[in-house]
Structures are given as structure tokens and as C-alpha cells.
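Here's a quick tour of a few local features, written for someone who likes to check geometry by eye. Have the viewer open and follow along.

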Amino acid sequence: MKKIIYIILPIITFFILTLKADAAASLSAPSSVTNGSSFTVTANVSGVAAWEVHVKATGPVSGCVINVADSDANANNTSKKFSATCRATGTGTIKITMSGNTTTAAGATSNISGSRTVTVKNKTTSNTTTNNNNTSSSKNTQKNTTTDNKSNDNTLKSLSVEGGSINFNKDVVTYNISVGNDIKKIKINAEANNSKATITGTGEKDVKEGDNKFDIVVTAENGDKKTYTININVDTKPITVTVGGKKYTLIKKKEELPELSIEHEDLILNFEGQDVPAYRIDKINFVLVALRDEDGNIKLYKYDSYKDNEKPDKYTLFRHFSLPQMLVSYLEFPKKLIPEGYKKYTEEINGEKVTVYKTSKNSNYSLFYGINIETGKKHVYRYDKRENTMQIYDQEENPLKQTLEEYEYIIVGLIGISAILLLIIVIQMGSKRKFKKKVLQKIQNKENSFLD
């Protein structure tokens, strides 16, 4: 009996360990290289029985391609590593992306994704110039000599308006801002790009209804001047809305709308008899308008209106995540879709702080609800904080609970099979004993008859 247990227990343990293996995928590459050099990119998959892995790169690079699809000969979970040689062909940023899918021995299929960026820099060289004198064998090294030239840098490092919002660029010299008629004063802050340059025109300024113009003059060390202009329009008829108990003002000038990199069309909406610029994303049927808060910050909001004013207009902050192979807009998580065992936390995804659900505070995996901007379909998404990747989470139940239940069924099945095997062995052993006893009894009878 002990021998049988020693044989069966390792078999059960092997099945359990095999089924518990978790599929994982990762992408590795150096963070920076020099122009003209070669480097290696590696894709790793583990805990998988079948895999399809694709790696490609964009930017100043050649090579850097992986396309593999295969499976384990015995359909067991295993680990694989795939590498590609890349060569930097110019300075800039190389973006490397991974896609594909994996399948475990238990039949669980999942998509894989990941990305890495590689900065390409020029090689640093030390420049020394030598002069050969035809009448002498000595070499004279030229040395760079400093001059007394003064800096001509008359650009700004930063420019901001308290009470308004601008997207500053040192090469852009004109900015247009609209503020509500409740704004009576604004404050202009600026910092020169060169510490020896001087600035005039900053500080607190009075504003009146209509157009207000302010010039900020930067004078370089050598006297060269550059003027930055801020045009502030005090709106005489602001359109105000309330969102989450806070007051906002609708943006009415097209040039003040935040840029939107997603495919869209421009709209003009009518609010209270006034034209308001807006965006429309057809694929997900979103209409976006811009709202300015009391601090002057401008952001895009999803705008929902209802016929016959059956409900008040609704404004929802538009937040979207652009990760490898996916462009998703964040939505409020329906309560009925929150998996058992998950709790509410705040997570930062692509610079946006959003509400997510996790099994624990320190978990690297979180769930959020959103709509795929490319397909228009809504899903629960699983975000991997370490890899900065996400994929569709399509399990209706808590995966941990479901996995444990599957293991229970498998273990019970294996125990049942083991019990049947033990019963068969016991029966066989009992039959052999009976047969042996009959043989001995016959031999004994023959001996007795011989003695008689």
C-alpha cells in the first residue's frame, strides 16, 4: 500500500504544479545607445504551452524584428526567450513594441503587449587639432580660447498667467486667453532662459471687459530684445456650468481648445445663443467641450444633452490612455461588474489619476472600465503597473476564486481516479492470495493422501 501512495502522490503534485503555472511576458532593451551601435532586444514568455510573439521597432533603427509562433511538443507549460539584433541609424528615440498571445497548458489564452523606448545619442569625441611644422618635428596643439562675447539669448524658460492657462513654447511669442467677467486682476510670471537676461512686463495686472494686451520684453546680455505678447479677453457673457459642485466656464474660442490627437471632427454647438467650439469622436459617439476651472486650467469634458430637458446636461472629464495597441477612454465602473474580492483604490495611468479596483493596495494589477476608441466597445481592462500595459479582462468571476475551484475539481477527479486504481489493485492482490491459498491446499491434500 505504501508503495502505491508513493507512486500516486508525485503524479498528483505534478498535475497541480503544472496547472498553477501563470503565463507571463516581458520585453527588455537598453535605455540608451550610441548612434551606429548594435544592441539586443529580448522577448520572454513563461508558463505557456503555445505562443505567438511579434516585436517591431520604429524610429532611427534597422533590424529589431521578431515573429515567432510555436507550441511545446508535449503541450506542457514552458519558458522561451526570443532575441533580435538592432542597429541605431541616427539620433533620436526608438520605440519598440511587443504584441501577440499565449496559451497555457490549461487552455487559458491571453493577449500580450509591452513597449520600450531607447534613446540614441551621438558618440562623445574629444576634438584636438595638431599643426605639423614642415621645418620642425614638434607638434603644436591648438587650444580653444574663450572670448568676451556676451550672450544673445533673449528667450524665456517659462511663462504663465495666474487666472488663465497657456501652453508655453519659447519659440511662440503670442498667446490668447479668455477669462470670465468676474476676473479683475491677473498675474504674469516669467523666467528667462539665460540668467544674465532681464525681463520687464511681469507682475500683477488689472484687466477690463473686452481685450487686454500685455507685452513681456526679454533683453539679452548683449542688448538684443524679444517681445512676448499675451492677449487677454474678458468675456462679457460667460457661460458657466457646475460639475461636481464646482463652477466652470465654457471655452468659446477655438484656439483655446486643448489639442486632441485622436481622429475627430470639429463642431460648433449653440449654448444660450452663443457659438461654442467642440470635438466629435464618431467611433465612440463622444462630443467634447472645453471647460475652464476657477484656477484657469482648461480640460476637455464629454458633453451629454437630453431631449426636452428631461435630464440636466452632463459633463464628464475626458480621460484616455494611449498604450501599445490600445486607445481607451476611461468610464465610470458599473457596480455589477466589480469582481468579488476587489476594492476601490486610486491609480495613476499615463499621468491620469483614476479610480480602479484591486485585490490589495500594493498589487501591481488593477481593473478599470473604459471604451475602446478604435472599436467603440466597452470592456473591463486589466492594467499592469510594472509593464505599463493593459488588456481586456473578460472573466466574469474573480480569477483567483475560479482557479481554486478548477483546482478543486481536478484534485477531486484525480483522487477519485486514484481510489479506483487502488481498489483494482487491492482486488487483484486479494485474488492472487485466494489462488495461492487454493494451490497450497491442493499440495497439502496430495501430501496427506500420500502419507495415508
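Predicted model: local features only at pLDDT ≥ 70, side-chain atom pairs only at ≥ 80, totals over all residues.

Strand S19 covers residues 240–243, while S20 runs over residues 246–250. Their pairing is antiparallel and has four bridges. In one of these, Val-243 is partnered with Lys-246 of S20.

Which residues of S19 sit on its covered face, and which on the uncovered one? Val-241 and Val-243 are on the covered side, with Thr-240 and Thr-242 on the uncovered side.

## Salt bridges across the sequence

How many salt bridges does the model have? The count is ten, going by side-chain nitrogens of Lys or Arg within 4 Å of a carboxyl oxygen of Asp or Glu.

One of them joins Arg-116 to Glu-387, at 3.4 Å from N to O. This pair connects distant parts of the chain, the two residues being 271 apart. Arg-116 belongs to strand S9, whereas Glu-387 is in the loop between strand S31 (378–384) and strand S32 (389–392). Arg-116 has a relative accessible area of 27%, so it counts as partly exposed.

Another salt bridge brings Lys-185 and Asp-206 together, with an N to O distance of 2.4 Å. Lys-185 is in strand S14 (residues 185–192) and Asp-206 in strand S16 (residues 203–206), so this contact ties together parts 21 residues apart in sequence. Are these two buried or exposed? Lys-185 comes out partly exposed because its relative accessibility is 46%; Asp-206 counts as exposed because its value is 53%, and the cut-off for exposed is over 50%.

Glu-265, Arg-280 and Asp-282 are linked by salt bridges into a network. Within it, the closest N and O atoms of Arg-280 and Asp-282 are 2.8 Å apart. Asp-282 is partly exposed at 47% relative accessibility, and Arg-280 is partly exposed as well, at 24%.

Where is Ala-105? Look in the loop between strand S8 (92–103) and strand S9 (109–121). Ala-105 is partly exposed because its relative accessibility is 33%.

Technical notes
Residues numbered from 1 in each chain as written. Heavy atoms only, no water. Buried < 20%, exposed > 50% of the residue type's maximum accessible area, 1.4 Å probe, protein only. Pairing = 2+ DSSP bridges.
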